[in-house]
Each structure stands twice: as C-alpha cells, then as structure tokens.
Amino acid sequence: MLAANGFFNAKHTVNLKGLGVAVEVNDQKELEAIIEKEKDAIIKDRGNLDAVYTALCKKTGASPNAAMLVSDLITQEADACLTVAAGLNFENKIVLAIAIRLEAERFIIGKIADQNFIAGITKDQTQALIGKFKKGFPTEHSSIQTLDRVAIMTPENIHLNSFMYEPIIDMSDEHLKKLYIAVKTLT
C-alpha cells in the first residue's frame, strides 16, 4: 500500500494534462476515488496511459501505436513471454499474471453475459466473476478447474514492492505460461 510506504507523508499534485485533470492527492482514499472516476480514460488506450505516466513520472515520450488498447498490449506482451526461455524472468511473471486474470475475466464475462452483475462488482472482481461462473455453469468442470488455478496462482492485486505476492516469486514462469495457454483456450 502506498500509505505503508510513506507516499502520503507529503502532498502530491498530479496534473493529468492528457485527461484534463489536475488534482492534489493527500491520502489513499482520494487516490482511489480519482482512479475510480478516471479508470475508463486511464485504461482506454496507450495514449491515455502515456498521459498518466508522463504526468506522474515527469517523463516525456510516447508509445508507438497510441490507439492500441492497454489490454491488447498486455496480451501481446504475454504472448511474447511464451517464447522466452525458462528462468527467473520476474518481469514476465508479472505480465503473465496480469494477462491470465484479463483473459479469465474476458472469458467469464462473455459466458455469463450479465452486464448488471458485472457493473455491480465493487471488489474482488475475479473472485466474484468465478463465483458467478460456477453457479451458472456447474457442469463445465474443466473450465472451473482452470479458473480455480487462476484464483490460486495469480494475485488479485499486484504490488511491486518488497511485499510482492510471494507465490509468483516462488513459482516457475513455466507454470504461469501453461496457465496462460490454458486460459486462452477456454471456450
């Protein structure tokens, strides 16, 4: 958590020029409120992500193909991870864990086709989706087994600090590659 790391011991002014937003962030709740309010704009495409990154990190530059959806970029990068030799590959583990969750959620959302339920999820999104899938499709044992592996092997939230979700560090990236492939083949 940012608060535990002392992030809010000082005030931070964030000017999100590309999004037309300028805010002062004083605590975790304010930051969460901003992210919630702006999440669609932030995650829409690489151009918006560039604007957020530039504002927060005081860096300049732009991603190639700024219109590409961030979720598609994550899928592209995860696909590239599949060809990398086994090893520590910590960065690949993070990308694969995120992509596994995204692919699992895409699959479930497509299957349950209940926009009201999806819009009503306020926390633990993947767990809520898996629970809804299990209730709606109890005979799809293979899919349920794969989704249960997603819940066990990948964290709901990834914090890139010394308190990182330990199972990702400890497991082989080959396990995550196999799970990513399994999730991508769900039908």
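**Legends to the views of the chain**

**View 1. Elements of the predicted chain.** The chain holds 9 helices and 2 strands, where helices (H or I, at least four residues) and strands (E, at least two) are DSSP runs numbered from the N terminus. Read from the N terminus, the order of the elements is β-β-α-α-α-α-α-α-α-α-α. The model is predicted, so that local features need pLDDT of at least 70 and side-chain atom pairs count only at pLDDT 80 or more, while totals for chains, interfaces and linings use all residues. Residues are numbered from 1 along each chain as its sequence is written, and side-chain values use heavy atoms, with hydrogens and water left out.

**View 2. Burial in the chain.** Of its 187 residues, 35% count as buried, a term that stands for under 20% relative accessible area (1.4 Å probe, protein chains only).

**View 3. Helices H3 and H4.** Helix H3 (residues 70-81) packs with helix H4 (residues 90-112) at an angle of about 125°, their axes being 9 Å apart; the axes are lines fitted to C-alpha atoms over the stretch in contact, and angles run from 0 to 180 degrees between N-to-C directions. H3 is therefore oblique to H4, since angles under 35 degrees count as roughly parallel, over 145 as roughly antiparallel, 65 to 115 as roughly perpendicular and the rest as oblique.

**View 4. Residues between H3 and H4.** In contact, meaning heavy atoms within 4.5 Å, are residues of H3 including Ser71, Ile74 and Cys81, which meet residues of H4, among them Val95, Leu102 and Arg106.

Notes:
Buried means under 20% relative accessible area, exposed over 50%, partly exposed in between (1.4 Å probe, protein chains only).
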